[in-house]
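Please open the model in your viewer and keep the selection tool at hand, as this tour moves from one selection to the next.

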Amino acid sequence: EHSRMETGHLRLRVEPIPLEEALEGALQQVRKEIEARSHRLSVDLPEDLPSVAADRERLEGILSRVLDNAAKYTPPGGEIRVRATHEGGMVICEVVDTGIGIAPSDRARLFTPFWRSEDPRVREVPGFGLSLAVARGLLEAMGGAIEVESAPGQGTRVRIRLPAGLP
C-alpha cells in the first residue's frame, strides 16, 4: 500500500460503507490479540450513524491496524473503547486505550514511514513503522484524516474522520 501511494498507483473503490460492518471485519482480525491480553473491549456506535464514503478493504485494514496497535501497546487487563459520532458531513471513529501512551517528542513523527520510537516498550513489539503512515495516506485519499492524542502512561486516543456516505 505504501509503495502504491508513493508511486501514484493507488486505486480506491470508494462507496458507502456501514462503519459497523468495517469495524466488525477489523475486529475479526484482531480479536485473538485482544482476548489473549484479557483486554476489556467496548463498542459504542449510534444506531442512526450514517455510512462512510470509503474503500471497504482499506477501511477494514486501517481499523485493524489501529486496533492492533491499541492491543499491543496496552498492558494485559487494560481497556480499549471504540465509539463513533456524526458531525456535519463527517463520521468520527475513536479508538481509545489505556496503554503505555506516546511521548510528546514521538508524536510529531508518528506518521513518518519506517519510523519507530526508541522507547524499549515499543521496540519489544515487532513492526516496520508503516501502519500509521499507510493509514494516514489511505484516509487522506478517501477524503478523511487521522489524529492521535496521547500521553505517557495515560493511553492513546486515535480519531479517524471520514466523509459520511449515503445512508
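The count comes to 15 salt bridges, where a salt bridge is a side-chain nitrogen of Lys or Arg within 4 Å of a carboxyl oxygen of Asp or Glu. This is a predicted model, in which local features need pLDDT of at least 70 and side-chain atom pairs count only at pLDDT 80 or more, while totals for chains, interfaces and linings use all residues. Residues are numbered from 1 along each chain as its sequence is written, and side-chain values use heavy atoms, with hydrogens and water left out.

Select aspartate 55 and arginine 58 to find a salt bridge whose closest N and O atoms are 3.2 Å apart. Aspartate 55 counts as buried because its relative accessibility is 7%, buried being under 20% relative accessible area, exposed over 50% and partly exposed in between, with a 1.4 Å probe and protein chains only. Arginine 58 is buried as well, at 12%.

Next, select arginine 31 with glutamate 24, which form a salt bridge with the closest N and O atoms 3.3 Å apart; here arginine 31 is partly exposed at 30%, and glutamate 24 is partly exposed at 36%.

Then move to arginine 136 and glutamate 140, whose side chains meet in a salt bridge at 3.8 Å, N to O. Both residues lie in helix 6 (residues 131–141), four residues apart, or about one turn of the helix; helices are DSSP runs of H or I, at least four residues long, numbered from the N terminus.

Technical notes
Helix = DSSP H or I, 4+ residues; strand = E, 2+ residues; numbered from the N terminus.
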